[in-house]
Amino acid sequence: MSVRDVAERAYREALPVLAASAVGGLFAGLVLGGMQSDLRSVSGLLALVPALLATRGNVYGAMGAKLSTALHQGLIEPRPVPDDRRVYAAATAAMLNGVAISVFAAVVAYAALVALARPSASLATLAAVALVAGVLSGIALTVIVVAAVFAGYRRGLDPDTLVGPVVTTTGDVFGMAALLVAVRLVVSLGGG
């Protein structure tokens, strides 16, 4: 297989996913734009948004890469419903890491806002929003990344090509949706 053939195949596999990623990013931006009143109700939340979205890509991108490597090495089978303990271990670790890093990001954002004398909701409020958003987006990302990696592999696509754009798109879309739900839930329970 020539370099040109490899490049053409990579573009053929990645282009549709990258296009979907661009549309997903625009949708996430629209959700963020529609959250103005929610952002005002929880002071300092806007400082937390980039950290929450970035950590989704880092944590769940690593999970997708691990699954992809395991598929290439024949360590796991690409079944529609995974039944391998290694898949469950990777998913569980990603969920725990995703939630923990979300709460850690809330603590760092709160500390930075206090240090800069910027308005901020309480640490408990920011941490609660991050916790709920981390759990909700983590569930969605785990399911979607595992399904996309396995389905792509079964269809003869390179899952390494799919992981980045799929995680970026789902992380942005479900991350913003989960953040919106989390803010409204926490505010309705008295946070803010």
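1. Which helices each supply at least two residues of the lining of the largest cavity? In this predicted model, that description applies to α3 (45–72), α5 (123–154) and α6 (159–188). The lining itself consists of Leu 52, Leu 53, Arg 56, Ala 133, Ser 137, Gly 175, Met 176 and Leu 179, and when these residues are sorted by class there are five nonpolar, two polar and one charged.

2. As to volume, the largest cavity amounts to about 50 Å³, and the structure holds one cavity of 30 Å³ or more. Rolling a probe the size of a water molecule over the atoms is a way to show where empty space is left.

3. Two of the helices that contribute to this lining, α3 and α6, also deserve a comment as a pair. Their axes come within 8 Å and cross at roughly 145 degrees, and the crossing of α3 and α6 is right-handed. The contact of α3 with α6 comprises, by class, 13 nonpolar, seven polar and three charged residues.

4. A residue of α5 that I would ask the reader to inspect is Thr 142, which lies in that helix. Is Thr 142 buried or exposed? Its relative accessible area is 12%, and because this value falls under the 20% limit, Thr 142 is classed as buried. If its neighbours within four places in sequence are left aside, Thr 142 is in contact with Tyr 60, Met 63, Ala 91 and Met 95. Of these partners, Tyr 60 and Met 63 fall within the span of α3, residues 45–72.

5. Turning to the chain as a whole, the secondary structure consists of six helices and zero strands, so that, by the DSSP runs on which the numbering of these elements rests, the order read from the N terminus on is α-α-α-α-α-α. Taken along the principal axes, the box that the C-alpha atoms of the chain fill is roughly 60 × 35 × 30 Å.

6. Two summary values complete the picture of the chain. Of its 192 residues, 42% count as buried. Among the contacts in the chain with a separation of 6 or more, residues 24 or more positions apart account for 82%.

Note on methods: Residues are numbered from 1 along each chain as its sequence is written. This is a predicted model: local features need pLDDT of at least 70, side-chain atom pairs count only at pLDDT 80 or more; totals for chains, interfaces and linings use all residues. Side-chain values use heavy atoms; hydrogens and water are left out. On a 1 Å grid over the protein atoms alone, a cavity is a set of points where a 1.4 Å probe fits but cannot get out, and a pocket is an open set with protein on both sides within 12 Å along at least five of seven lines; lining residues have an atom within 4 Å of a point. Grid points are joined across faces, edges and corners, and a volume is the space filled by probe spheres set on the points. Helices (H or I, at least four residues) and strands (E, at least two) are DSSP runs, numbered from the N terminus. Ala, Val, Leu, Ile, Met, Phe, Trp, Tyr, Cys and Pro count as nonpolar, Asp, Glu, Lys and Arg as charged, and the others, Gly among them, as polar. Axes are lines fitted to C-alpha atoms, for helices over the stretch in contact, and angles run from 0 to 180 degrees between N-to-C directions. A crossing is left-handed if the near helix is turned anticlockwise from the far one by less than a right angle, and right-handed if clockwise. Buried means under 20% relative accessible area, exposed over 50%, partly exposed in between (1.4 Å probe, protein chains only). Contact means heavy atoms within 4.5 Å.
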